[in-house]
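This report describes a metal site and a helix pair in the structure shown below.

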Amino acid sequence: MSDFAQSVKQQADIVKVIEGYIRLRKAGAQRFSGLCPFHKEKSPSFSVHAGQQFYYCFGCHVSGDVFTFVGKLENVTFPEAVRIVAQRCGIPLPKREFSSPEQAAEARLRGKLLELHEIAVAWFEEQLASPEGALAREYLAGRGLTPEGIKTFRMGYAPDSFNALRDRLSPIADEETLRASGLFSAKEIGTGPDGQPQFGPLYDRFRKRVMFPIANESGRVIAFTARALETGDKAGPKYLNSPETQLFSKGQVLFNLDKARTAIRRDGFALLVEGQMDCISVFLRGIQNVIATSGTAFTEQQVAILRRHTSNVVVNFDPDTAGANAAEKSIALLTEEGFSIKLVTLADGLDPDRFIRERGVEAYTQALRGARWQADYLIERARAAFPGAAAEQKVKAVNFLLPHIRRIPEKLARDQFAMDAAQKLGIDSAVLREELRQAALKRRDRVETRAASLSEVERILLRALAINDPEHEQARRIATDALLGRPETFEHLGCCAALQALATRQSRDPIEVVEDETQRALLAEALLNEQVPPTLGEVESAIQEIEERAIEGQIRDLRARIAEAERRGDFAELAVLTQRKLELDRALRRLHNQRPSDSAA
Ligand SMILES: [Zn+2]
């Protein structure tokens, strides 16, 4: 960890930083708890230790420090996480914080591209208001958009020109940067002497189009969706998107999340629609927790982003496409990731935009309330697709449902789904029922790698070795000496690796030095359950008990070998083993007699 990261870590309060993402409540002297942002849960098992500055989830066993938390949630690299935490805490970034000149150049480029997009979006807005934008204004009005709505989403117009935007932006950025912005196109005209492609002059990518900005989560415009005003071969595709750039990666953006995030948290769910127009239309009529997939299937990154805000999704996809490709894949991915999903079907096959415009927000809210749980929805679809009482139809319906059932992470939900399916499809065949039962059994819960829980003495040692307080330094020293001096004594413990890492940590953070995730979970659990550090006496008797147990283990071992030597009639071996056992018996007795009294502390 760099000096800068170290100093950010010292200044940042992990409780404050995490509270920026999830709600925490005080649960003990040093402990705060809340709903885990990394797995779906209804009662809080996510804990933050204010003193030791780490977090741990008793449900899914994730743990780490402030940087791993931010890194995991924001899906960013370690240096990026350090920067985010520093910014949150108002700690100025040193210039040399970029680990390489390339990284510094990249950050500069990103800054410049954001600036270009900001100027572009304002310029498109101006064009929309100008006489030339009349047709575009007409189009937007025809889609039910008011001037306020247009302003809210910063819609604009790209005029019918190959160089108007280029002329506006070229005084601000060089050709290379303009090219990197994705706002321009250029024809490839050959290959240069260095083997790199060579391009002709830049020209405006978006022409005679209505411009819909795409913002990142903090509301900065990073790309555009552009709709052609004309149809026909000359007009090009109906919708044209910005290409992938340093700012914009299609699979990592959820349309409208910047505006919807507060409402998503408040309402406890996200409304997911397919089209940006659906999203805008629904949002502007007051349903603010709406985001759009923009027509393509969800990516894992998008799911991860969404999970930071909610794990409840109401899906309102176009009925024509529900079940087909993108929509189906998105729902499958959300299911696998443990989201609870409800589906809305709108009357007469309308899409959300048309429905809410024609029937009003009341009717739409009503439809949302009528959303059905995914399982019910799927069973209904299976019934509709394979109607009738014929055995063969029922086999088909069950086969349709099986993959959906297997995808659900929680066993209880799978059981329920399988039972509902059997009942609603009227399945009395034992074979089909068994198939459903097996599907419910199959998927193994992801959260299963749970190390054996800690014994009391292990807890005491872990806590002693994690002591930072100079007042209790002696307890830590005794534990450290024992670990370093007689490491074999501790080998049989489940948390041995953690103990060894802690014994050599010196002034580093306990959570930081234990790298193995399972071991770190054990340590976190021990620390979160503590009120005060263990006393000297507790540590001494814990060490002693562990030593006794180690010797007892060896004695057990010897007994087996002695029995084996007797059976073989190997008297030489027998003598050696018996001698060894006597020594161990004696050592054990000595330990028993030495037991420190509790007053030693
Ligand atoms: Zn968790």
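Donors are N, O and S atoms within 2.8 Å of the metal (3.2 Å for Na, K and Ca), and because water is not among the atoms, sites may look incomplete. The model is predicted, with local features requiring pLDDT of at least 70 and side-chain atom pairs pLDDT 80 or more, while totals for chains, interfaces and linings use all residues. Residues are numbered from 1 along each chain as its sequence is written, and side-chain values use heavy atoms, without hydrogens and water.

**Zinc site**

Cys-36 (SG), His-39 (ND1), Cys-57 (SG) and Cys-60 (SG) coordinate the zinc ion at 2.1 to 2.3 Å. The angles among the 4 donor atoms are 101 to 118°, and the site is tetrahedral (four donors, all angles between 85 and 135 degrees). Along the chain the donors have the spacing C-x2-H-x17-C-x2-C. Cys-36, in the loop between strand 2 (31–34) and strand 3 (46–49), and Cys-57, in strand 4 (residues 54–57), are 21 residues apart and link distant parts of the chain. Strands are DSSP runs (E, at least two residues) and helices likewise (H or I, at least four), numbered from the N terminus.

| Residue | Relative accessible area |
|---|---|
| Cys-36 | 6%, buried |
| Cys-57 | 0%, buried |

**Helix pair**

Helix 19 (residues 456–465) packs against helix 21 (residues 496–503) at an angle of about 25°, the axes being 9 Å apart. Helix 19 is therefore roughly parallel to helix 21 (angles under 35 degrees). Axes are lines fitted to C-alpha atoms over the stretch in contact, and angles run from 0 to 180 degrees between N-to-C directions. In contact (heavy atoms within 4.5 Å) are Leu-461, Leu-462 and Leu-465 of helix 19 with Ala-498, Leu-499, Leu-502 and Ala-503 of helix 21.

Note on methods:
Four donors count as tetrahedral if all angles lie between 85 and 135 degrees; four count as square planar and six as octahedral if opposite donors are over 155 degrees apart and all others between 65 and 115; anything else is irregular. Buried means under 20% relative accessible area, exposed over 50%, partly exposed in between (1.4 Å probe, protein chains only). Angles under 35 degrees count as roughly parallel, over 145 as roughly antiparallel, 65 to 115 as roughly perpendicular and the rest as oblique.
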